[in-house]
Amino acid sequence: MKLSHEVDPRLRTTPAGVGTAFGTFGELLQGVLPEENGDFLVTLPVARWTMATFRQDPGLTELLVRPAHKSKALRLARMITEEAGLPVTGLLTVSSVIPEGKGLASSSADLVATARAVGQALDVPMPPARIERLLARIEPTDGVLYPAIVAFHHRTVRLRAVLGSLPAMAVVGIDEGGAVDTVDFNRIPKPFTAADRREYARLLDRLTGAVRSRDLAEVGRVATRSALMNQALRHKRSLAPMREICREVGGLGVAVGHSGTTLGVLLDAGDPAYTHRAGAAARACSELAGNVAVYRTLSFPNTAWGAVA
């Protein structure tokens, strides 16, 4: 078996498939609706990316992945080649700037980028429905395969609705430390009552309307309420001080990685006072947690709102 840092001359002439996917800053909303399989989330896409490259190499004896710990991406690549009936060997390379285990959809982005790269290399179409079906066999997944803010049933890996797009925001975020395994987290029984589930339905309706009307203040209010409700499932010790920072700097609200370790203050990037607010939030967050990162949300101007069956 051959795998080195030197580029095999044959690989320079073998077409490579390339796929990308964005990450998220946690979720704007996540909970359980009053229906069967009601676990859902609403994505908050940010400009952090994973890129996957797949190149066939008949000189190898199997499919390999670099870095080696991206085992889920390798499993997906094998599933695609086996399903296509193609005895393919080659190298899958996954490059990402999304921190792992923090609730930023790093694993979902790895998998979506891998599906796109392998599909392109093998000339196998990879529409969203096919990617969903494949990913459902691996783990709960964020809706990062859709270029929009979406409501997504992450445990059953299916789209609920495309909500649309929002004006650019920034998230001044902190990390409480540690890492969370998505699969393990989704095995935890949800403590939400019937009343909680009804509230999640109301919050989803409010957020759907807010995205449609581009009401960033309402988006922030819903995100903050979702963060508070999630304390019963995964407590974040920094939520109260982050809410205070948000109030002090005039932020929109607080977003969290519901299944992760991150929290962030949402800011309107189009606000004339944005630079001042962002600087003040970053200083306060640094004093609170000793770490701070600023994320920019993604806007999708050509996205049409609408439910998808």
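Me: D123 lies in the loop between helix 2 and helix 3 (128–135). Why is D123 called exposed?

Reply: The model is a predicted one. In it, D123 has a relative accessible area of 70%. The term exposed applies over 50%, so D123, at 70%, is exposed.

Me: What makes the backbone of D123 worth a remark?

Reply: The phi of D123 is positive, at about 60°, and D123 is not a glycine. Most residues other than glycine have a negative phi.

Me: Which other residue has a positive phi of about 60° although it is not a glycine, and where is R214 found?

Reply: R214 has that positive phi of about 60° without being a glycine. R214 is found in the loop between helix 5 (194–213) and helix 6 (216–229).

Me: Why is R214 called partly exposed?

Reply: R214 has a relative accessibility of 47%. Buried requires under 20% and exposed requires over 50%, with partly exposed in between. A value of 47% falls in that middle range, so R214 counts as partly exposed.

Me: What makes K102 count as buried?

Reply: The relative accessibility of K102 is 14%. The limit for buried is under 20%, and K102 therefore counts as buried. K102 has its place in the loop between strand 4 (90–96) and helix 2 (106–122).

Me: With which residues is K102 in contact, leaving aside its neighbours within four places in sequence?

Reply: K102 is in contact with D175, G177 and G178, and also with G260, T261 and T262. Each of these contacts rests on heavy atoms within 4.5 Å.

Me: How do you know that strand 1 and strand 2 are paired?

Reply: Strand 1 (residues 16–32) and strand 2 (residues 39–56) run antiparallel and are joined by 14 bridges. Pairing requires at least two bridges, so these strands qualify with 14.

Me: What makes strand 2 and strand 5 count as a pair?

Reply: Strand 2 and strand 5 (residues 149–153) are antiparallel over two bridges. In strand 5, A151 is the bridge partner of V42. Strand 2 is also joined to strand 4, running antiparallel, by seven bridges. There, M51 stands opposite S95 in strand 4.

Me: How do you know that the peptide bond from R66 to P67 is cis?

Reply: The omega of the bond from R66 to P67 is near -5°, and the bond is cis. Most peptide bonds are trans. P67 has its place in the loop between strand 3 (63–66) and helix 1 (71–83).

Me: What radius of gyration does the protein have, and how does it compare with a compact globule?

Reply: A compact globule of 309 residues would have a radius of gyration near 19 Å; the protein has 20 Å, so the value agrees. The C-alpha atoms fill a box of roughly 60 × 40 × 35 Å along the principal axes. Buried residues amount to 54% of the 309. Among contacts with a separation of 6 or more, 75% come from residues 24 or more positions apart.

Me: How many helices and strands does the secondary structure of the protein come to?

Reply: The protein has eight helices and 11 strands.

Methods:
Residues numbered from 1 in each chain as written. Predicted model: local features only at pLDDT ≥ 70, side-chain atom pairs only at ≥ 80, totals over all residues. Heavy atoms only, no water. Helix = DSSP H or I, 4+ residues; strand = E, 2+ residues; numbered from the N terminus. Rg over C-alpha atoms; globule rule 2.2 N^0.38 Å. Buried < 20%, exposed > 50% of the residue type's maximum accessible area, 1.4 Å probe, protein only.
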